[in-house]
Amino acid sequence: MTRALFEVRGLEKAFGSNVLFAGADLDVFEGETLAIIGESGSGKSIFLKMLIGLVEPDAGVILYKGRNIADFDQAALDNLHREVGYVFQNDAMFDSMTVLENVGYGLRGKSDAEVRAIAEKFIEMVGLQIADLEKFPASLSGGMRKRAALARAIAVEPEIILYDEPTQGLDPQNITRIAEMIEQLQMELKGTSVVVTHDMRTAFGVSSRIVMLYGGKFAFEGTPEQLIEAREGPIHEFIQDAREELQALFQPRESSSDDARR
Ligand SMILES: Nc1ncnc2c1ncn2[C@@H]1O[C@H](COP(=O)(O)OP(=O)(O)OP(=O)(O)O)[C@@H](O)[C@H]1O
Ligand SMILES: [Mg+2]
């Protein structure tokens with residue numbers, strides 16, 4: 001049995017009359033890449049923030065490794081934030097710092113030389129150049145900034161990475177690159193990933209399991225292959241536009257991913 005790292009039960013959250021979560025349940029299992037899809041404004045970003053204690057639920061529990069995060073003191077929260085990396089939807093880079101300083105931000109306590117070595121390793125892993133470390137975020141393109149933000153999140157080698165819309169606003173080529181990178185990272189770091197996205201190619205391309213946030217609950221759970229087969233209901237409508245593209249993506253993928261695992 002795989003262990004659940006996060007167990008969410010009976011989650012409720014509303015902003016005034018805007019009810020986002022109405023008794024939602026979800027497990028995040030060790031080693032999986034879980035995609036969370038859902039309409040804009042359905043609460044996906046808020047959900048990630050609740051997982052790491054940045055936003056408080058109205059009701060329900062969130063267990064992290066079996067412990068209720070509502071009971072966490074500062075030390076336990078700090079530990080959670082070390083173990084769980086978070087790539088924010090808006091990249092959230094510090095504009096007054098270089099990429100190197102941004103990537104090194106979570107590495108306090110290490111020497112400059114250690115920080116540089118780690119930053120170089122991860123900046124290359126996300127497909128940027130070592131020279132990019134000296135640049136400021138404002139001088140990078142959107143795709144490069146996404147990658148730099150990713151490098152910062154993974155530089156501390158978190159056990160779990162939460163990605164909030166990692167491919168939003170990117171052109172198709174960069175979408176493919178980032179999606180491939182998430183998959184590659186998953187293989188190299190052997191961690192657990194949660195990918196929130198409304199880009200269906202990203203969701204279906206990288207994940208081992210997909211859930212859709214719908215009506216305040218996590219519904220329509222399944223493997224990408226199962227969800228593509230949905231013939232009715234919200235999940236069907238949601239992926240309708242992307243279906244042909246997804247089917248094309250999926251047919252060849254099974255054999256090629258088998259090859260990659262050998
Ligand atoms: N602090 C807040 N106060 C009031 N409403 C909020 C607050 N934060 C978020 N909301 C509302 O909660 C809803 C869900 O927001 P959230 O950012 O989680 O959506 P999302 O699913 O991530 O959307 P998108 O796909 O566009 O990123 C939105 O309607 C948003 O306006
Ligand atoms: Mg969002």
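User: Which elements each supply at least two residues of the shell around ligand 1?
Analyst: Happy to start there, with the reminder that this is a predicted model, where local features need pLDDT of at least 70, side-chain atom pairs count only at pLDDT 80 or more, and totals for chains, interfaces and linings use all residues. Residues are numbered from 1 along each chain as its sequence is written, while chains are lettered from A and ligands numbered from 1 in the order in which they are written. Helices (H or I, at least four residues) and strands (E, at least two) are DSSP runs, numbered from the N terminus. The elements you want are β2 (18–29) and α1 (44–51).

User: Which element gives the most to that shell around ligand 1?
Analyst: A residue is near a molecule if its C-beta atom, placed from the backbone, lies within 6 Å of it. Of the 14 residues around ligand 1, those that come nearest include K44, S45 and I46. With three residues, the top contributor to the shell is α1.

User: Which residues have the most contacts inside the largest nonpolar core?
Analyst: Such a core is a set of buried Ala, Val, Leu, Ile, Met, Phe, Trp, Tyr and Cys residues joined through C-beta atoms within 7 Å; buried means 20 or more other C-beta atoms within 10 Å of a residue's own. The largest one has 70 residues, and the best connected inside it are I36, A151 and L162.

User: And which helix provides the largest share of this core?
Analyst: The core in question has 70 residues. Seven of its residues, the largest share, come from helix α5 (residues 142–155).

Notes: Buried ≥ 20, exposed ≤ 12 C-beta atoms within 10 Å, placed from the backbone.
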